[in-house]
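User: I'd like to learn how to read a sheet and a helix pair. Can you walk me through it?

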Amino acid sequence: MKPALYSVTVEVAPGSEAAWNRWHEDIHVPEVLRQPGFLRCRKWKDTTHAADGWVRYVCHYELTSLEAVERYVASDAAKHLRAESDKHFGYVTRPSRAVLTEVASFG
């Protein structure tokens with residue numbers, strides 16, 4: 001089985017970044033990583049803001065397989081985690097998601 005990457009990009013409104021980061025790192029990411037198939041998460045901050053000044057973060061969640069991603073995306077846990085995110089920060093975040101499969105590895 002090849003590993004898979006669940007990439008979540010989140011744009012955060014100015015003034016909400018500190019509160020969102022605290023919640024995201026202390027609560028959300030640990031909850032996601034407890035789900036079956038998740039191996040780790042690497043969080044990145046874009047050096048360029050969105051055109052309207054929102055800050056952009058990209059989280060790369062590494063999973064054991066594409067099947068593990070598909071199970072997670074369809075799970076009640078994923079629905080719950082998205083609902084919690086919307087409840088707490090839906091008005092100050094713009095998320096987008098992508099599922100990537102490995103084609104080749106170098107280095």
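Analyst: Let's start with the sheet. Strands of a sheet pair through backbone hydrogen bonds, either parallel or antiparallel. In this predicted model, 4 strands make up an open sheet, ordered 2-3-1-4, with antiparallel pairing.

User: Which are the edge strands?

Analyst: Strand 2 and strand 4 (93-101), each of which pairs on one side only. On average, neighbouring strands here are turned by 15° against each other, direction ignored.

User: Is strand 3 mostly covered or mostly open?

Analyst: Mostly covered: of the 9 residues in strand 3 (residues 55-63), 7 are buried. As for helix 2, it lies across strands 1, 2, 3 and 4, at about 45° to strand 1.

User: And the helix pair: at what angle do the axes of helix 2 and helix 3 cross?

Analyst: Two packed helices are described by the angle between their axes and the distance between the axes. For helix 2 (residues 66-74) and helix 3 (residues 76-89), the axes cross at roughly 60° and come within 4 Å, so the two helices are oblique to each other. Y72, V73 and A74 of helix 2 meet D76, A78, K79, L81 and R82 of helix 3. That contact splits into 5 nonpolar, no polar and 3 charged residues.

Key. Residues numbered from 1 in each chain as written. Predicted model: local features only at pLDDT ≥ 70, side-chain atom pairs only at ≥ 80, totals over all residues. Heavy atoms only, no water. Axes fitted to C-alpha atoms, helices over the stretch in contact; angles between N-to-C directions. Parallel < 35°, antiparallel > 145°, perpendicular 65-115°, else oblique. Contact = heavy atoms within 4.5 Å. Nonpolar A, V, L, I, M, F, W, Y, C, P; charged D, E, K, R; others polar. Buried < 20%, exposed > 50% of the residue type's maximum accessible area, 1.4 Å probe, protein only. Pairing = 2+ DSSP bridges.
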